[in-house]
Amino acid sequence: MPVTLAPMTRKILPHGCWPSPVTAEMVAGKSLRFGSLQADGGALYWCESRPGEGGRGVVMRASQGGDTEELLPPPWSARSKVHEYGGGEFLASGGRLFFVEADSQDIHELGAEAPPRRLTDEANTRFADMTLDETRNRLIAVMERHVKGSHQPGNMLAAIPAGEGGPRDVTLLAQGRDFYATPRISPDGRELAWLEWDLPHMPWEQAELHVAAIGDDGTLGPSIHVAGGDGSAVFQPGWLADGRLAFVWDRSGWGRLHVREAGECRPVTPDGLDLMRPQWVFGMQSWTQLEDVRIACAFFDGGNLRLAAVDVVTGERDDIDSPMRSADALAPFGAGLGLVGATDTTPAGVLAIGAHRRIRTLRSAGESGLADKDLSIGQIISFDGDAGKVYAIWYPPANANVEAPQGERPPVIVMVHGGPTGMADRGLKMKIQFWTSRGFAVCDLDYSGSAGYGRAYRDRLEGNWGVLDLADVAVLANHLVDAGKADPERLLISGGSAGGYTVLMALAKLGVFAAGGCTYGVADLSQLQRITHKFEAGYLYGLTGTTENDCEEVFAARSPVNLADGIDCPVIFFQGLEDKVVPPEQSRNMVASLRERGVPVAYMEFEGEGHGFRTAETIVTVLESEYAFYARVLGLDVPGLRDVEIENFQVLQRKQETGAPRPGERPL
């Protein structure tokens, strides 16, 4: 007789107290950061930042057979610091590999001999985003020169000799604009295309595409303005094999692929599909040439990723059916496509899609090791906000072995991404699974101003930072409670950088959250404007609808440090001591204000960390500490938690003992 197995009995435990298969060490170990992807000689190249090696940037290569190898041996590290955010730290071209060395910021060439050969020796100078001029055996790169006594560095395009011998002087090719990016040389070596823009704008607001002929002496002729500016922006210019210039341009309100031929710019892709990306770092890619006249594109359609191959002559689109939820970089690979991306069930990695649409993993941040029922699959939800439809990604609690008591609503962590011109991560993120496998729900908010929904959605935040993003948080909280998805007494909010700013504003103004987590968050707009780096020197003016002459009143009214008396729930802060974007004083001042008012507060600083934590030790400490903090605030009975010092915690305990209203108990 057949044997019938009884179904496994799942434990019943309160939300937030579930034993989880996802440890903080697993999250850190699967936190590899993959940079741009490049194809050369039939192989794929990429750079990955490894938390387990202190954030070392390692250049990797994969053959068409799928074999991978590490090209940059320790202790060498590739990383650019141009614009502080970097990117564009390596170039694989013509069988040669060049990289920006992390400490010196000088360019090196990696050859058969060791160590790598130094090409530049420029004091107080940084490089990024290189292209190889094979005709003249030189690199053309973005250069950022910091002059002692000058408030802001100079940015320019420079030519770097790549011949044998020691470092030689660089030659300036273009200067006079505030910023340059994406220099790309034509296949015949006769023309150079690049992006340029000026303060107070960001590249996704006003980046212009220029082209100039390269003279016999290697200098540039007069530049021709091709597209961008005047309220539109260009992204990712590149030359096709036949000499035509392709680029993304959002003049219609959508990032459409355009091709320049015979002096005219022709759109190839339709409205409604967005190829535009906010260029916070160099080397971002949403398209790549495949073969002949076909281009592979990674569109966002209502926040959902769509892959397609587009014929640049006819505009005919062949949609690629795939499980990809993100595609941060694209490159041709054999008869198919290489990309950096993630699916709902696999974390970020370098993947190959073959001619028959089969997906191979060439390099992964690591297998999740989770059972299907342990995985929380993100679902894009939408709701009506003050300025129109707003989007978020909803992750319910998920654990194969545990379930909550019937009828119990979970605590929800509202996550707020940085930027604020950014977007919620797509695909499997082990950090989110850390929370959902413990019985929390997570809602990753794409508030007004986020990328991936067209320019109009992104432009909503102009003049409205600290207002509309805050309104979207409030509407989301109401939506989750009304839909029965969230416990109104256990709403939490967490974010970093610009997301940390919205966290602090929400805690000060909304009064609906039981606690918050703020990672290197913006707290004082006036102070930030005084010390911010050049790249963002005009960003705050656009976000707040002000100018240098009339900003102080608005800055004061929208600075969390001036609104701290509105915060009465516990907050935990995490801060890197080497942060040049949001310095430690921002967090310290907030902590001091809450401490003096008797608000429960925890604060942790990390030596050697900047704006974006890179080491495994820090990632583990932050995640375990944030969980321990929320557990204590919510009164969760969880054994083995990390010991976190919470100043003024007795204030919350007295409220709980006397039955006074807890944070989060006020009506929405």
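User: Which residues have the most contacts inside the largest nonpolar core?
Analyst: This is a predicted model, in which local features need pLDDT of at least 70 and side-chain atom pairs count only at pLDDT 80 or more, while totals for chains, interfaces and linings use all residues. Residues are numbered from 1 along each chain as its sequence is written, and side-chain values use heavy atoms, leaving out hydrogens and water. A nonpolar core is a set of buried Ala, Val, Leu, Ile, Met, Phe, Trp, Tyr and Cys residues joined through side-chain atoms within 4.5 Å, where buried means under 20% relative accessible area with a 1.4 Å probe, protein chains only. In the 117-residue core, the residues with the most contacts are Phe247, Leu257, Trp465, Ile493, Phe513 and Phe573.

User: Which helix gives the most to this core?
Analyst: Helices here are DSSP runs (H or I) of at least four residues, and strands are E runs of at least two, numbered from the N terminus. With 9 residues in the core, the top contributor is helix H5 (residues 468-482).

User: How many residues does the second, separate core have?
Analyst: Tyr395, Ile413, Val620 and Tyr630 are among its members. The size of this second core is 46 residues.

User: How many disulfides does a search of the whole structure find?
Analyst: A disulfide is a pair of cysteine sulfur atoms within 2.5 Å. The closest cysteine sulfur to that of cysteine 265 belongs to cysteine 297, 17 Å away, so those two are too far apart for a bond. The search total is 0.

User: Is isoleucine 353 buried or exposed?
Analyst: Isoleucine 353 sits in strand E28 (residues 349-353). Beyond its neighbours within four places in sequence, isoleucine 353 has contacts (heavy atoms within 4.5 Å) with Leu307, Gly336, Leu337, Leu339, Arg358 and Ile359. Its relative accessibility is 5%, so isoleucine 353 counts as buried.

User: Which residues are closest to the centre of the second largest pocket?
Analyst: On a 1 Å grid over the protein atoms alone, a pocket is an open set of points with protein on both sides within 12 Å along at least five of seven lines, and lining residues have an atom within 4 Å of a point. About 1,200 Å³ of space lies in this pocket, a volume being the space filled by probe spheres set on the points. Of its 43 lining residues, the closest to the centre are Ala39, Leu91, Thr131, Arg184 and Trp239.

Key: 1 Å grid on protein atoms, 1.4 Å probe; cavity = no way out; pocket = protein on both sides within 12 Å on 5 of 7 lines; lining within 4 Å. Buried < 20%, exposed > 50% of the residue type's maximum accessible area, 1.4 Å probe, protein only.
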